Amino acid sequence: MASTPRRLLAELFGTFWLVFGGCGSAIFAAKYVANASEDNDTLIQLGIGLLGVALAFGLTVVTMAYALGHVSGAHFNPAITLGAVISGRLPVKDLPGYWIVQVVGGLLAGAVLYVIASGKPGFEATGNMAANGYGDHSPNNYTMAAVFIAEALLTAFFLIVVLGATDDRAPAGFGPLAIGLTLTLIHLISIPISNTSVNPARSTAVAFFNGNGAPGQLWLFWVAPLLGGLIGGILYPLLFEDGKLALGRSSEPNAA
């Protein structure tokens, strides 16, 4: 098992990559238009769209889980860390450190995205930094209750997949793929609902750069994913292991 500083550094790097790759794809590549030809004013859409953004988030997890999963468990998400603690995959004492570096890594990525995006003439950060939201700030004006339910439910299922895919009984070597594909599916479902969080660090990373109501709504994208992580962390051991919770029983960090 890696030392604590190396595990925390791995979580910082992984969360940075998740935010930079996922939110970056939404900011820079989701909508991109170009002239059909030099002598034609017709515009064509070359952007990656919703499917591309969903895949980008999944790929960030796949790549970093293979690269750093053996170091820190590749959580990159406070809700996953909470579920890992509740299910016994991570000691309670490690939770604060993981949460801090995940938020710091996300904020660093958000800052870099803001600097790069500001290099385009006319770019306006307000409302254009891939922030999460509900009501008027939801992509399709979903209510606070609808967004809360979606975020909590999807995070709970995400945590169950993470714990199941990394169980000692699961096929070896395929955990990162299952986890990344699950995150892709989650985004395909919920980008139109909330811009998809299921990760408080991801939401925090861009909320303050985005403004436009995102900071004031950030509470939901902490509470709902953490509730989902709590539920998933309880359900997996009760349903699929020995039926007993062992809060923080293990010193082994591998949860993803």
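Leaving out neighbours within four places in sequence, Val-62 is in contact with Pro-176, Leu-177 and Gly-180. Contact here means heavy atoms within 4.5 Å. Val-62 sits in helix α2, residues 49–72. Helices are DSSP runs of H or I with at least four residues, numbered from the N terminus. Val-62 is buried, because its relative accessibility is 13%. Buried means under 20% relative accessible area, with a 1.4 Å probe and protein chains only. Phe-174 lies 112 residues away from Val-62 along the chain, yet their C-alpha atoms are separated by 9.8 Å.

A word on the model. It is predicted: local features need pLDDT of at least 70, side-chain atom pairs count only at pLDDT 80 or more, and totals for chains, interfaces and linings use all residues. Residues are numbered from 1 along each chain as its sequence is written, and side-chain values use heavy atoms, with hydrogens and water left out.

Stay on α2 and move to Val-53, which is in this helix too. Val-53 has 7% relative accessibility, so it counts as buried. Its C-alpha atom is 5.8 Å from that of Ala-26, a residue 27 places away along the chain. Beyond four places in sequence, Val-53 touches Gly-22, Ser-25, Ala-26, Ala-30, Ile-48 and Ile-191.

Ser-25 counts as buried because its relative accessibility is 9%. Its partners, not counting residues up to four places away, are Phe-20, Ala-30, Ile-48, Val-53 and Ala-56. A polar atom of the Ser-25 side chain also lies 2.6 Å from the backbone oxygen of Gly-22. That is a polar contact: a pair of N or O atoms within 3.5 Å, where within protein one must be able to donate a hydrogen and the other to accept it, and residues adjacent in sequence count only if both atoms are side-chain atoms.

Most residues other than glycine have a negative phi. Ala-74 has a positive phi, near 55°. Phe-76 also has a positive phi, near 55°. Ala-74 is buried, with a relative accessible area of 4%. Phe-76 is buried as well, at 1%.

The axes of α3 (residues 78–86) and α4 (residues 95–117) come within 9 Å and cross at roughly 170°. Therefore α3 is roughly antiparallel to α4. Axes are lines fitted to C-alpha atoms, for helices over the stretch in contact, and angles run from 0 to 180 degrees between N-to-C directions. Angles over 145 degrees count as roughly antiparallel, under 35 as roughly parallel, 65 to 115 as roughly perpendicular, and the rest as oblique. From α3, the contact uses Pro-78, Thr-81, Leu-82 and Val-85; from α4, it uses Leu-95, Tyr-98, Trp-99 and Gln-102. By class, this contact has 6 nonpolar, 2 polar and no charged residues. Ala, Val, Leu, Ile, Met, Phe, Trp, Tyr, Cys and Pro count as nonpolar, Asp, Glu, Lys and Arg as charged, and the others, Gly among them, as polar.

Helix α4 also packs on α7 (residues 200–210), at an angle of about 40° with the axes 8 Å apart. So α4 is oblique to α7. In α4, Gln-102, Val-103, Gly-106, Leu-107, Gly-110, Ala-111 and Tyr-114 meet Ala-201, Thr-204, Ala-205, Val-206 and Phe-209 of α7. These residues divide into 8 nonpolar, 4 polar and no charged.

Helix α7 has another partner in α9. Their axes come within 9 Å and cross at roughly 170°. The two are therefore roughly antiparallel. Pro-200, Ser-203 and Thr-204 in α7 meet Phe-221, Trp-222, Pro-225 and Leu-226 in α9. The classes here are 5 nonpolar, 2 polar and no charged.

Finally, take α7 as a whole. It is largely enclosed by the rest of the structure, because 9 of its 11 residues are buried. Among the buried residues are Arg-202 and Asn-210. The cover over the buried residues includes α1, α2, α3, α4, α8 (214–217) and α9 (220–240). Asn-199 caps the N-terminal end of α7, with a side-chain oxygen 3.0 Å from the backbone nitrogen of Ala-201. Gly-211 follows α7 and has a positive phi, near 60°.

Terms used:
Buried < 20%, exposed > 50% of the residue type's maximum accessible area, 1.4 Å probe, protein only.
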